Amino acid sequence: MTFLTTQALTRSFGGIQAVTGVDLDLRQGEIRAIIGPNGAGKTTFVSMISGRVEPSSGAILFEGEDITALRPWDRVLRGIVYTFQITSVFRNLSCFDNVALSVQRSLSKGRAIWHRPDPIEVQAAVDSALSRVGLLTRSAELAGELSYGHQRLLEVAMGLALQPKLLILDEPTQGLSEQEIADFCRLVKEISAGATILLIEHNMDVVMELSHRITVMNNGALLAEGSPDEIMANLDVQRAYLGT
Amino acid sequence: MIANQRSLILHAGLIVILFALQFLLPDYHHTNFTSIMVLATYAMGYNILVGYTGLLSLGHAMFFAAGLYGAGMGVYYLELHPVLAFILGSVAGLLLAIAIGLIALRTTGVAFMIVTLMFAQAAFLVTLYFNDITHGDEGLTLTQAARGFDLLGWHVDLTNPSQRYNLALALFLGALLLCLALVRSPVGRVLVAIRENEERTKMLGYDARRYKLLALSLSGLLSSAAGAAYVLFFGYVGSSFAAIPYSIYPLLWVLLGGVGTVVGPVIGTLLMFYLIEISRDHTSSYMIVVGVVLVLLVLWFPKGIAGTIRARWWGWIP
């Protein structure tokens with residue numbers, strides 16, 4: 001049984017085909033990078049997996065079940081977690097409260113809407129997620145007052161606290177300093193011990209360091225797929241990137 | 001914990017002051033405060049939706065009026081026990097809120113404002129259309145006899161100012177406790193998250209529609225409970241309670257007192273009430289005075305009074 005499969009996944013906006021017939025197979029535990037030029041349809045593609053965007057046609061199978069019709073919040077409960085490309089933390093809430101929202105969700109799975117999870121359990125889970133990304137000491141700070149790099153980490157902590165099986169990271173290193181990127185790569189490797197990771201990334205050093213396999217998209221379609229070395233050597237890929 | 005204790009002192013203090021005021025206030029203001037506590041309950045109901053969920057409704061008069069008419073007609077036509085009439089009025093508002101929510105919550109932002117405004121106008125026109133039953137603008141007046149009842153061996157007369165004051169205080173206390181409980185509950189946390197960033201909240205696994213419907217239902221319930229109490233306390237219901245001004249008042253009260261604070265609505269209601277009272281004594285064009293004061297308050301207290309106090313000094317105010 002494959003972990004995640006997309007079958008001929010297609011999405012058009014009006015007359016524009018953003019994603020055309022993409023087939024993808026993801027193995028459990030792998031780190032998969034999706035690369036491609038701007039406008040290649042990467043974000044639209046992962047948005048269909050997370051449920052933010054409905055596909056025009058095609059199917060998505062997760063752990064053997066067809067989840068194409070599932071709403072995004074139900075997919076989160078199954079373990080598909082998306083972190084936003086544009087940092088999307090709750091700016092007026094503290095770091096603690098940001099992560100507590102995720103923790104509350106994962107501890108109340110299948111319970112009534114007013115279920116109150118044990119505060120000690122919440123505290124422990126929030127602390128654990130914040131300490132994994134190194135933000136534990138900033139727990140009480142307002143998310144909007146964090147530096148950009150820290151906001152990205154908070155975003156990841158919110159994702160982690162949902163106990164993802166599949167964590168989708170949409171351009172996570174964009175705007176980070178070199179040191180922050182190095183720390184981030186270490187973090188992603190740690191996370192991948194417990195979750196499968198789907199990564200959209202422009203920074204090729206990050207892609208080469210982290211990914212087991214790479215999927216290349218261009219003009220909404222799948223261009224190539226293979227190990228990092230294979231992709232580096234692929235002529236089509238070079239052409240798409242360099243425009244020659 | 002410190003913040004919790006402060007919040008307890010603030011809210012308990014408010015209730016104690018309101019309780020003590022009945023022995024100090026002259027008759028006229030005594031009645032005003034009864035009215036203010038009922039209207040503040042309405043404002044708190046409104047605040048659940050606009051302040052904590054971020055949905056601006058321009059049609060809450062329909063929920064307030066559902067309570068007024070539900071309870072008022074229950075007593076007038078069915079000669080219901082006032083307690084039953086109160087429950088009937090409250091439930092009428094709750095059911096209306098659920099029904100409206102299922103339709104209006106498909107929209108957000110400006111569209112939500114327009115849809116709620118339209119529904120409220122329709123409700124207002126309904127009260128005029130069924131003139132035979134509602135007596136339209138003229139309204140229905142409840143007799144003193146119909147507003148008295150026995151409960152657990154205690155005779156209650158809703159025309160008695162003292163009993164009325166304390167029942168209004170009880171209603172206000174109930175609403176205050178409900179709001180405090182909601183704000184501190186997991187549901188309250190999600191409502192604030194929806195207000196701040198609905199898209200992100202969905203991607204954290206929350207079905208935002210269910211939470212918004214819950215917020216609208218609670219908001220409608222408090223509004224109609226206030227309406228039901230109003231008609232029983234003051235013995236009159238007419239179409240004007242369903243008209244646009246009664247959708248705008250709670251918005252002004254909440255904005256003035258502080259959006260998204262538990263005590264804001266009561267501060268706003270109190271201020272607005274006396275602002276109108278006092279300026280009306282001096283000039284017939286009192287709305288100009290009210291308007292100028294509101295503009296000044298917005299300039300100096302952009303987040304409302306309690307909201308500004310929270311932002312500048314007391315961050316612990318819930």
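Two residues are in contact here if their C-beta atoms, placed from the backbone, lie within 7 Å. With that in hand, welcome to a predicted model, in which local features need pLDDT of at least 70, side-chain atom pairs count only at pLDDT 80 or more, and totals for chains, interfaces and linings use all residues. Residues are numbered from 1 along each chain as its sequence is written, while chains are lettered from A and ligands numbered from 1 in the order in which they are written.

Let us start where the chains meet. On chain A, 22 residues are in contact with 17 residues of chain B. Helix H2 (72-78) and helix H3 (95-107) of chain A each supply at least two residues of the side that touches chain B. Helices (H or I, at least four residues) and strands (E, at least two) are DSSP runs, numbered from the N terminus.

| Class | Side of chain A that touches chain B |
|---|---|
| Nonpolar | 13 residues |
| Polar | six residues |

Now for chain A as a whole. Chain A has nine helices and ten strands. Its radius of gyration is 18 Å, close to the 18 Å that the globule rule gives for 244 residues, so chain A is as compact as a globular protein of that length. This radius is taken over C-alpha atoms, and the rule is 2.2 Å times the number of residues to the power 0.38. The C-alpha trace of chain A spans about 55 × 40 × 35 Å along its principal axes. Of the 244 residues of chain A, 43% count as buried. A residue is buried if 20 or more other C-beta atoms lie within 10 Å of its own, exposed if 12 or fewer, and partly exposed in between, with C-beta atoms placed from the backbone.

Asn131(B) is found in helix H6 (residues 131-134) of chain B. Asn131(B) is exposed, with 12 other C-beta atoms within 10 Å. The C-alpha atoms of Asn131(B) and Ser239(B) are separated by 9.6 Å, although these residues are 108 residues apart along the chain.

Note on methods. Nonpolar A, V, L, I, M, F, W, Y, C, P; charged D, E, K, R; others polar.
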